[in-house]
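Here's a quick tour of a protein model with a ligand in it. Have the viewer open and follow along.

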Amino acid sequence: MKRRTLLVGGGAAVLAGGALAGSFAMTGSAADYARAMETLRAPLGGGPDLDGVIRYATLAANGHNTQPWRFHASGQTIRISPDLSRRTPAVDPDDHHLYASLGCAAENLALAAAARGLSGNPRFDPASNAVVFDYRTGAGQPSPLCDAIPKRQSTRADFDGRLVSTTDLSALERAAQVPDVSLVLFADRASIDRVRDLIIAGNTAQMADKTFLAELKSWIRFNPNAALQRGDGLFSASSGNPALPGWLAGPMFDLAFTADAENKKYIGQLDTSAGVAVFIGARADPASWFAVGRACQRFALQATALGLKCSFVNQPVEVASFRPELATLVGMPGQRPDIVMHYGYGPNLPMSPRRPVADVIDT
Ligand SMILES: Cc1cc2nc3c(=O)[nH]c(=O)nc-3n(C[C@H](O)[C@H](O)[C@H](O)COP(=O)(O)O)c2cc1C
């Protein structure tokens, strides 16, 4: 396993707490939404509870919240296959995020199964392009990472600028250890600023790309009703944006979703972060992207267990022309960086939706 960590401490000013999801008023549908999210994130049931274990798997991070997975349980095996009808070709033309998302789900699956006494180690099967989780009963244990599954979220908000202790940074590093995945942590302001500038450059390029914007818009759910009905996509309140009625949402998006406005948000989010994490897999193939997904999900769960928030800022890996500069910045020239996250202390935003478990299980 190759593993590098760059850690430069200190230097960050404590910045004032940032924006919250202020506009998510508790209207009738917002209250319905909040109730549905509680049910979705209810604790696991007793016994093996395979439905609960799969429900926990679906709570994993996944690109654009497309939930690109199908689950199939048979004997002592659960398979997770890619749902290619949920690809996002504009932002993810080679399905990198799709396979990383399967890794995130597999990690949750293994942690939740262990908490129910079903132990195993998920693996990626290149022949079928699917995840295979063979488990045995009577082993496995609950863990703080499993407890964090229903609480974790991608928090797209300003953080409060507080630094993270070296003890907690070590815990994050340890949690994210997955074979063949390197993690580079930046906690010094100069390096965070350099990553931020790449994020802004990548975001500016994406915002000028009509196909990217059209795809993104198709996955935004602008109000609680739409989020509940579809059970997928990017719920606007989960990104700190106002809920909008369907008729207003499209025009408002076209008007307000500008490169300048989005860049300002990212500057605020990065400038108030405690650090940045970059994950680099050993190879550029689905098995490696699956491993990266496992590592970043474990990182996010450990962050959650420590009371930290984190979110993905993948523009410099999504826009291929920025990858070499990021690879050089993390000290791994020639490699393909896979995932960029920022972390720190921040607010709770409304949780993002999921489809019912029954909709993602094949019998
Ligand atoms: C591989 C991958 C790439 C992602 N890229 C981004 C990103 O660039 N920007 C972002 O805001 N969220 C990104 N996300 C986060 C997803 O949008 C988020 O996980 C999904 O909407 C579900 O929300 P949750 O994480 O709060 O449960 C990514 C997630 C994964 C797994």
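## Around the ligand

Keep in mind that this is a predicted model. The ligand has 20 residues around it, and Arg-152, Ser-154, Arg-156, Asn-314 and Arg-354 are the closest. By type, that shell splits into 6 nonpolar, 10 polar and 4 charged residues. If you're looking for the element that supplies the most residues, go to helix H3 (residues 96-115), which puts in 4.

The side chain of Arg-156 has an N or O atom 2.6 Å from a ligand oxygen. Glu-318 also uses its side chain, with an N or O atom 3.4 Å from an oxygen of the ligand. With Phe-312 it's the backbone: an N or O atom there sits 3.3 Å from a ligand nitrogen. The ligand on its own would expose 620 Å², and the protein buries 93% of that.

The buried residues in H10 are Glu-262, Asn-263, Tyr-266, Gly-268, Gln-269 and Leu-270. They pack against helices H6 (189-207) and H12 (315-318), plus strands E10 (275-281) and E12 (337-344).

## Arg-196, seen from H6

Arg-196 belongs to helix H6. Is this arginine, Arg-196, buried or exposed? Its relative accessible area is 17%, and buried means under 20%, so Arg-196 counts as buried.

Leaving aside residues up to four places away in sequence, Arg-196 touches Ile-267, Leu-270 and Asp-271. Leu-270 is one of the buried residues of H10. The side chain of Arg-196 also makes a 3.1 Å polar contact with that of Asp-197. Pro-316 is 120 residues from Arg-196 in sequence, yet their C-alpha atoms are 9.4 Å apart.

## Two aspartates with positive phi

Most residues other than glycine have a negative phi. Asp-49 has a positive one, near 45°. Look for Asp-49 in the loop between helix H1 (28-40) and helix H2 (50-58), where it is partly exposed at 22% relative accessible area.

Asp-180 has a positive phi too, near 70°. Its loop runs between helix H5 (166-175) and strand E7 (181-186). With 38% relative accessibility, Asp-180 is partly exposed.

Methods. Residues numbered from 1 in each chain as written. Predicted model: local features only at pLDDT ≥ 70, side-chain atom pairs only at ≥ 80, totals over all residues. Heavy atoms only, no water. Near = heavy atom within 4 Å. Polar contact = N/O pair within 3.5 Å; in protein donor to acceptor, adjacent residues only side chain to side chain. Areas by Shrake-Rupley, 256 points an atom, 1.4 Å probe, with all protein chains shown as cover. Nonpolar A, V, L, I, M, F, W, Y, C, P; charged D, E, K, R; others polar. Buried < 20%, exposed > 50% of the residue type's maximum accessible area, 1.4 Å probe, protein only. Contact = heavy atoms within 4.5 Å.
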